[in-house]
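These are my notebook entries on a structure I had not examined before. I record what I looked up, one topic at a time.

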Amino acid sequence: MTLDALDERIIRVLMADGRASYGAIGQKVSLSAPAVKRRVDRLRARGVVTGFTVRVEPAEIGWSTEAYVELFCNPRTTGAQIARRVQTYPEVVEAFMVTGDADAMLHVFAGSMQHFERVLTEISAEPFVARTRSVLVLSPLLRRVQAPRTDVDAP
């Protein structure tokens, strides 16, 4: 499915502020509020926009330990098997199938090093996990939530 330049601009505005009114979005993309609403409704109906959410600073709600965990899985483990199990851990905020030596990568938040260690021990004990390798985040340098630009000259 292709998006036109206006759809892409609307998406960027929504990603920056999911609570922006149709009128405010319209001012930024030079459309009327009703026209923005029609486009957002169409983007939702087509599955491009899947919902609206709030972004939270993890450390401010007690999740001060952040890590990326590589999973090295037993042969014939599927992505669906991994997804089914890791979604049961609230500490796992993202999970990806990846290229390279590892089979999957998990993005994990925990309240402390002890909490992270407990979660890592539980994940490591999953029957499909052969081993893990973790990288702890010292400090985030950039967290981008903007849609990637498809045209570098786009506003």
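**Entry 1**

I began with Asp7, which is buried, because its relative accessible area of 2% is under 20%. I note at the outset that the model is predicted.

I then looked up what the side chain of Asp7 meets, and found a salt bridge with Arg42, at 3.8 Å from N to O. This pair links distant parts of the chain: Asp7 belongs to helix 1 (residues 5–16) and Arg42 to helix 3, 35 residues apart. Arg42 has 36% relative accessibility and therefore counts as partly exposed.

I asked how many salt bridges the count comes to. The count is nine.

I looked up Glu70 next and found its side chain in a salt bridge with that of Arg133, at 2.5 Å from N to O. Glu70 lies in strand 1 and Arg133 in strand 4, so this pair ties together parts that are 63 residues apart in sequence. Glu70 is buried, with a relative accessible area of 18%, while Arg133, at 38% relative accessibility, counts as partly exposed.

I then turned to Glu91, which forms a salt bridge with Arg118, the closest N and O atoms being 4.0 Å apart. Here too the pair links distant parts of the chain: Glu91 is in the loop between helix 4 (79–86) and strand 2, and Arg118 is in helix 5, 27 residues apart. Glu91 is buried at a relative accessible area of 7%, and Arg118 counts as partly exposed at 42% relative accessibility.

**Entry 1: Helix 5**

Helix 5 has twelve residues (residues 113–124), which at 1.5 Å a residue should span 16 Å; the end C-alpha atoms are 16 Å apart, so the two agree.

I asked which residues of helix 5 are buried. They are His115, Phe116, Val119, Leu120 and Ile123. These residues cover an arc of only 130 degrees around the axis, which means that they sit on the same side of helix 5.

I then looked up what covers the buried residues of helix 5, and the cover includes strand 1 (65–73), strand 2 (92–97), strand 3 (104–110) and strand 4 (129–136).

**Entry 2: Thr65**

I selected Thr65, which lies in strand 1. Thr65 is buried, with a relative accessible area of 9%. Leaving aside neighbours within four places in sequence, I found Thr65 in contact with Val108, Phe109, Ala110, Gly111, Ser112, Met113, Phe116 and Leu136. Phe116, one of these contacts, is also among the buried residues of helix 5.

**Entry 3: A patch on the surface**

Lastly, I looked up a nonpolar patch on the surface, formed by Val54, Val56 and Ile61, with about 300 Å² of accessible area together. Val56 is found in the loop between helix 3 (33–45) and strand 1. At 46% relative accessibility, Val56 counts as partly exposed.

Note on methods. Residues numbered from 1 in each chain as written. Predicted model: local features only at pLDDT ≥ 70, side-chain atom pairs only at ≥ 80, totals over all residues. Heavy atoms only, no water. Helix = DSSP H or I, 4+ residues; strand = E, 2+ residues; numbered from the N terminus. Expected span 1.5 Å × (residues − 1). Buried < 20%, exposed > 50% of the residue type's maximum accessible area, 1.4 Å probe, protein only. Arc of directions from axis to C-beta. Contact = heavy atoms within 4.5 Å. Patch = residues over 30% accessible without salt bridge, like charges linked within 9 Å, V, L, I, M, F, W, Y side chains within 5 Å. Areas by Shrake-Rupley, 256 points an atom, 1.4 Å probe, with all protein chains shown as cover.
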